[in-house]
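Please examine the structure shown here. The briefing after it is intended for a reader new to this structure.

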Amino acid sequence: MAKNFVVFGATGAQGGSVTLELLKANNSNSNSNKYNILAITRNPRTTQAQKLSSAGATLVQANMEDLNSLKEIVKGAHYIFVVTDFLGAEGNSDRELKQGLNVLEAASSPACLDTLEAVIWSSLPDARKQPCAYENIVHFNSKRAISDRLWNSPLRSRVTEVWLAAYHENFVNSWGIYEPLKQPDGSYILSYPINADSKIPFMSVTDLGKLITVIIEDPTKYHTKVVSFVSEWRTPLELLESFRKATGVEARFQSMTTEQFKQHLEASLHFPNNVALSMAENLSCYRTNPNMITDHTDYAAKDA
Ligand SMILES: NC(=O)c1ccc[n+]([C@@H]2O[C@H](COP(=O)([O-])OP(=O)(O)OC[C@H]3O[C@@H](n4cnc5c(N)ncnc54)[C@H](OP(=O)(O)O)[C@@H]3O)[C@@H](O)[C@H]2O)c1
């Protein structure tokens with residue numbers, strides 16, 4: 001019988017990759033309909049949601065900020081993939097926290113625990129406990145607060161945390177945080193709050209689904225474990241070389257302090273103060289700790 005797999009964030013980058021990989025598993029000859037994929041969205045009418053529906057996922061309308069809309073959905077689930085949204089919640093940590101805690105509470109009900117085999121929680125490390133000791137990375141802090149509750153909940157023995165590096169996709173979809181920006185004189189500048197030779201961990205978010213299917217093939221191996229996902233480390237100078245090869249455009253690197261980068265995000269990209277500070281401290285971590293995503297984990301994606 002097909003196992004019920006609830007995917008939160010199914011219309012987004014992470015959940016989208018997970019959903020597509022599960023659909024692929026369903027369509028492979030040996031596995032016909034291995035998973036009953038319940039793709040959660042607030043709006044089933046969007047193009048992205050409709051694409052998932054046409055490909056074979058069942059769309060389920062719910063808002064993670066509304067606990068009541070989640071309780072019925074997770075009843076009978078065998079697997080749950082959870083990702084919370086930081087930017088969509090306008091950088092509001094209370095809203096991101098609410099999303100995670102609501103899923104946790106709904107999944108902790110006896111009707112869900114009865115069938116539940118694994119919860120995969122997309123989280124991030126605690127920058128406050130890293131050598132950089134940054135206090136203001138909202139999207140890290142809210143995820144750690146959710147993790148703390150998760151590890152003390154009835155779900156704890158079935159949980160796997162995955163920690164993801166920066167997406168390669170940020171170069172085309174990060175509102176200008178990651179990519180070289182065109183200047184008034186026509187030149188391009190890549191600005192980060194790190195050195196030219198600092199190493200940033202990256203992965204492609206479209207590969208996430210592959211990791212998740214490895215985890216659920218052997219859930220007990222990964223229960224209570226943290227799995228990091230980094231494909232490669234790249235310095236700003238290496239990134240600019242890839243940019244030059246891909247576009248034929250020369251760009252130069254400008255190293256900024258954390259404060260300068262925060263001001264750049266506010267002034268040039270109109271980020272609100274808390275989001276600018278979060279992103280500035282997030283990127284600044286790699287100046288001192290390029291292994292932030294892989295340190296203190298049980299497995300790395302390459303071992304999984
Ligand atoms: N960008 C990076 O380099 C990076 C690296 C590591 C971790 N992260 C983390 O990744 C997370 C974002 O994941 P993503 O990139 O997959 O996001 P995304 O592509 O922006 O998609 C957001 C998803 O969340 C869903 N969603 C948002 N609010 C919701 C709500 N209240 N109820 C139900 N669903 C809701 C959206 O669904 P609908 O709109 O269809 O409802 C959508 O599917 C962030 O927390 C970030 O910290 C990002």
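This is a predicted model: local features need pLDDT of at least 70, side-chain atom pairs count only at pLDDT 80 or more; totals for chains, interfaces and linings use all residues.

Residues are numbered from 1 along each chain as its sequence is written. Helices (H or I, at least four residues) and strands (E, at least two) are DSSP runs, numbered from the N terminus.

**Ligand shell**

- The ligand has 27 residues around it, and those that come nearest are Gly-12, Gln-14, Thr-41, Arg-42 and Met-64; a residue counts as near if its C-beta atom, placed from the backbone, lies within 6 Å.
- Two or more residues of the shell are given by each of helix H1 (13–27), strand E2 (35–41) and strand E7 (166–167).
- H1 provides the largest share, 3 residues.
- The shell comprises 11 nonpolar, 13 polar and 3 charged residues; Ala, Val, Leu, Ile, Met, Phe, Trp, Tyr, Cys and Pro count as nonpolar, Asp, Glu, Lys and Arg as charged, and the others, Gly among them, as polar.

**Sheet**

- An open sheet of 3 strands runs in the order E7-E10-E12, with mixed pairing; two strands pair if DSSP finds at least two bridges between them.
- E7 and strand E12 (232–234) are the edge strands, each pairing on one side only.
- Strand E10 (residues 200–203) pairs with E12 in the antiparallel sense over 3 bridges.
- Opposite Trp-233 in E12 stands Pro-201.

**Helices H4 and H6**

- Helix H4 (residues 93–107) packs with helix H6 (residues 138–150) at an angle of about 25°, their axes being 9 Å apart; axes are lines fitted to C-alpha atoms, for helices over the stretch in contact, and angles run from 0 to 180 degrees between N-to-C directions.
- H4 and H6 are therefore roughly parallel to each other; angles under 35 degrees count as roughly parallel, over 145 as roughly antiparallel, 65 to 115 as roughly perpendicular and the rest as oblique.
- The contact of H4 with H6 involves residues including Gly-100 of H4 and Ala-145 of H6, where contact requires C-beta atoms, placed from the backbone, within 7 Å.
- By class, the residues of this contact are 7 nonpolar, 5 polar and 2 charged.

**Helices H10 and H11**

- Helix H10 (residues 258–267) and helix H11 (residues 273–288) have axes 8 Å apart and pack at an angle of about 140°.
- H10 and H11 are therefore oblique to each other.
- Among the residues that meet are Phe-261 in H10 and Leu-277 in H11.
- The contact of H10 with H11 has 7 nonpolar, 3 polar and 3 charged residues.

Key
Two residues are in contact if their C-beta atoms, placed from the backbone, lie within 7 Å.
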